[in-house]
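Visitor: Could you walk me through this model, one question at a time? I would like the criteria as well as the numbers.

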Amino acid sequence: MDNFSYFCNTKIEMGLGKAEELPDLLKSLEIGPSILVVSDPGVVRAGIVQPILERLQATGYRTVLFDALSPNPRDTECLAGAKLFVEQRLEAVVAIGGGSAMDTGKAIALLGPNGGTPLEYVEGIRKYVNIAPIVCVPTTAGTGSEVTRSSVITESTTHRKLTLKHAALRPLLAVLDPKLTFTVPKAITAATGVDALVHAIEGYSCKVTNPISQALGARSMRTIVSALPTAFRDGDNEKARFAMLESSMLAGLCFGSSDVAAVHCLAEALGGLYDTPHGVANSVFLPYVLQFNAQAEQAIHAEMARHMGFATNLDSDEQATQKLIAGVRDFTRQLEIPKLRELPGVRREDFARIAEMALTNNSTPSNVRPISSDDYLQIIEQAYDDV
Ligand code: NAD
């Protein structure tokens, strides 16, 4: 029995068409009326942002759009957004998009009122105070950033992914409308869905997990395994899209008050170095990290195999663990996610650097089994040699 604490101050509103209620929801929390809407060019092109802007303007909100950001958003982009926030005298941030737009929105809400760079907050030089109200409207079912205390920003000069982490970065309001995810292309549906699965797995099994995270993670991993293949094959399937958006939020609540672990540490190193989409980077390492961790921590991996339906109570822990690794491999293959060897830019010469970057990630100590630079290197090589 370990002590634990769990905290989440985000009001969560979910439903088909829920985004149409955004003005009323903002009003009920007295957020605004001058708002920076943060999104990205892909989400704007998908036709998601304009109707929301029009609805906000028609109900008396002053909106300014900032969409100059890339996937795996850069510190320089956050600084540009923060400058606009100050120049336009805005009061709150509404981020509409995937993890990239939501994380940029969170960073702008911090940097706008306070100044400084993301690194200065990560290093503790500046304090997480005076943060502008943050509202998130996710358009991918993946990161769960709409309910987490983190914002992952890439430092342009070093390619390192920095994690700004503080309870005050949790959005005040998360508006989950599965309709906004219908336009997510197949490959992004697959990658973001696996990201959510990894959040549930790592939040459930990492060293700093707690009973609430485990309850949320168990439900999330079970639902993702059944809903993601349908959402992938049939993007207009309301039920599957709803289940995925709900599960990615639950997975965010799961890891958001525990942690992620080795899969994410490797994925963030890969994303920082080669701009690999975050979910793809998670997927290529997942079976190998599970294999490494399960050697030392069989019982918890057997539990997860049963939650995901890869094994039953009739299987021994050893059998269940084997079924977990095989099941996860088949699952990601079915979703047509590329392998490490197939990803643009990946070179064997960089493996030692990736292992070092993963080792220095703040979440490495949370991995359920102690992991060294050599262990990371071996996992990278196994993933690369997978054919
Ligand atoms: P993303 O936000 O980078 O989006 C991927 C692509 O999908 C973009 O080109 C975007 O334009 C497009 N897109 C998004 N929604 C769409 C829609 N509805 N229709 C059509 N296109 C759409 O991808 P992501 O996986 O959601 O976010 C990844 C980022 O989130 C990474 O930087 C990662 O490190 C970070 N992350 C943050 C947390 C957290 O807790 N803050 C957790 C995990 C990951």
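Visitor: Is I153 buried or exposed, and what is its relative accessible area?

Guide: Happy to start there, with two notes on the ground rules. This is a predicted model, in which local features need pLDDT of at least 70 and side-chain atom pairs count only at pLDDT 80 or more, while totals for chains, interfaces and linings use all residues. Residues are numbered from 1 along each chain as its sequence is written, and side-chain values use heavy atoms, leaving out hydrogens and water. Buried means under 20% relative accessible area, exposed over 50% and partly exposed in between, with a 1.4 Å probe and protein chains only, so I153 is buried, at 0%.

Visitor: Which strand holds I153, and how many of the residues of that strand are buried?

Guide: Helices (H or I, at least four residues) and strands (E, at least two) are DSSP runs, numbered from the N terminus. I153 belongs to strand β6, residues 150-154. S150, V152 and T154 point one way from β6, S151 and I153 the other way, and all are buried. For β6 that makes five of its five residues.

Visitor: What does S150 touch beyond its sequence neighbours?

Guide: S150 is also in strand β6 and counts as buried because its relative accessible area is 11%. Contact means heavy atoms within 4.5 Å. Leaving aside neighbours within four places in sequence, S150 touches D103, K106, S145, T163, L164 and K165.

Visitor: Which strand pairs with β6, and which residue in the turn between them has a positive phi?

Guide: Two strands pair if DSSP finds at least two bridges between them. β6 and strand β7 (residues 161-165) pair in the antiparallel sense over five bridges, with T154 opposite K161 in β7. The two strands form a hairpin with six residues between them, and the turn residue with a positive phi of about 70 degrees is H159.

Visitor: What is the strand order in the open sheet of six strands, and which strands stand at its edges?

Guide: The order is β1-β8-β5-β4-β2-β3, with parallel pairing. Each edge strand has a single partner, so one side of it is left without a neighbour in the sheet; these strands are β1 (11-14) and β3 (62-66).

Visitor: Which strands does helix α5 touch, and what angle does its direction make with that of β4?

Guide: Inside the sheet, β2 (residues 34-38) and β4 (residues 92-97) pair in the parallel sense over four bridges, and V37 stands opposite V94 in β4. Helix α5 (residues 99-114) packs on the sheet, touching β2, β3, β4 and β5 (134-138). Axes are lines fitted to C-alpha atoms, for helices over the stretch in contact, with angles from 0 to 180 degrees between N-to-C directions. For α5 and β4 the angle is about 170 degrees.

Visitor: How many aromatic pairs are there, and why is the pair of F351 and Y384 edge-to-face?

Guide: Rings of Phe, Tyr and Trp (its six-membered ring) pair if their centres lie within 6.5 Å; planes under 30 degrees apart count as stacked, over 60 as edge-to-face and the rest as tilted. By this rule the count is two aromatic pairs. The ring centres of F351 and Y384 are 5.1 Å apart and their planes stand at 75 degrees, so the pair is edge-to-face.

Visitor: Which residue lies over the face of Y384?

Guide: F351 and Y384 are both buried. A charge sits over a ring if NZ of Lys or CZ of Arg is within 6 Å of the ring centre and within 35 degrees of the ring normal. At 4.5 Å from the ring centre of Y384, the residue is R341.

Visitor: Where is the cis peptide bond, and which loop holds P33?

Guide: Most residues other than glycine have a negative phi, and most peptide bonds are trans. The bond from G32 to P33 is cis, with omega near 15 degrees. P33 lies in the loop between α1 (22-28) and β2.

Visitor: What is phi of E336, and is E336 buried or exposed?

Guide: E336 lies in the loop between α13 (317-334) and α14. Its phi is positive, about 60 degrees, although E336 is not a glycine. With 59% relative accessibility, E336 counts as exposed.
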